[in-house]
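Here's a friendly walk through one protein model. Take a look at the structure first, and then we'll go through a few spots together.

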Amino acid sequence: FGAFIPTDPEGRAECLSWLMWQMSTAPMIGGGFGHFYNYAPEKFEYAINRYTMETKRIIDVADRRLAESAYLAGDAYSIADIAVYGWLGSIARGEAYGGTAYDFLDFGSYTNVVRWAAEITARTPVQRGIRINRSGDGYIRDRHDAADIDAVM
């Protein structure tokens, strides 16, 4: 609908490049790091180390990019930020993989990603979205209407 993606060819290409980057790197974090670090029934040091270093490399790529621009695709919030925030945001909020991944990955040292994640987390629509399909105080298990979210905010 013309939102969250630049219309100029150069900006659109940059945005789509970061969106494709997210699709190619997210499995390393979720399927690799997340699995071996948090979910695997047996802890294999080699696998944990391998995927931890790859995850740190991925975060470093984002950090370097965010040192150059406010958002991944440039100066405007885009679909690339929305997609990447899905996995980096949960780490930044200290919620990923048992809540210990932030410290384990030394996430705080990626200052540009931390700044970016904090700015996105502060957005009202993001705050509303974080509360959906979760249990506990301040969250809503099932959302059927915007009023469902308003009831817990």
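## Starting with Phe-4

Let's begin with Phe-4, which has a relative accessible area of 42% and so counts as partly exposed. To be called buried, a residue has to be under 20%, and to be called exposed, over 50%, so a value of 42% puts Phe-4 in between. Keep in mind that this is a predicted model.

## Another positive phi

Asp-106 has a positive phi as well, near 55°, and Asp-106 isn't a glycine either. This residue lies in the loop between α4 (101–104) and α5. With 42% relative accessibility, Asp-106 counts as partly exposed.

## Where two helices cross

Now for a pair of helices: α2, made of residues 45–68, and α5, made of residues 111–121. Two packed helices are described by the angle between their axes and the distance between the axes. Here the axes come within 7 Å and cross at roughly 75°. Angles of 65 to 115 degrees count as roughly perpendicular, and therefore that's the label for α2 and α5.

Which residues of α2 and α5 meet? On the α2 side they are Ile-59, Ala-62, Asp-63, Leu-66 and Ala-67. Their partners in α5 are Thr-111, Asn-112, Val-113, Arg-115 and Trp-116.

## Arg-65, elsewhere in α2

Helix α2 also holds Arg-65. Is Arg-65 buried or exposed? Its relative accessible area is 15%, so Arg-65 is buried.

What does Arg-65 touch, once neighbours within four places in sequence are left aside? Arg-65 is in contact with Glu-14, Trp-18, Tyr-71, Leu-72, Ala-73 and Gly-74.

Last stop: Met-20, in helix α1. Met-20 has a relative accessibility of 43%, so this residue counts as partly exposed.

Methods
Residues are numbered from 1 along each chain as its sequence is written. This is a predicted model: local features need pLDDT of at least 70, side-chain atom pairs count only at pLDDT 80 or more; totals for chains, interfaces and linings use all residues. Side-chain values use heavy atoms; hydrogens and water are left out. Axes are lines fitted to C-alpha atoms, for helices over the stretch in contact, and angles run from 0 to 180 degrees between N-to-C directions. Helices (H or I, at least four residues) and strands (E, at least two) are DSSP runs, numbered from the N terminus. Angles under 35 degrees count as roughly parallel, over 145 as roughly antiparallel, 65 to 115 as roughly perpendicular and the rest as oblique. Contact means heavy atoms within 4.5 Å. Buried means under 20% relative accessible area, exposed over 50%, partly exposed in between (1.4 Å probe, protein chains only).
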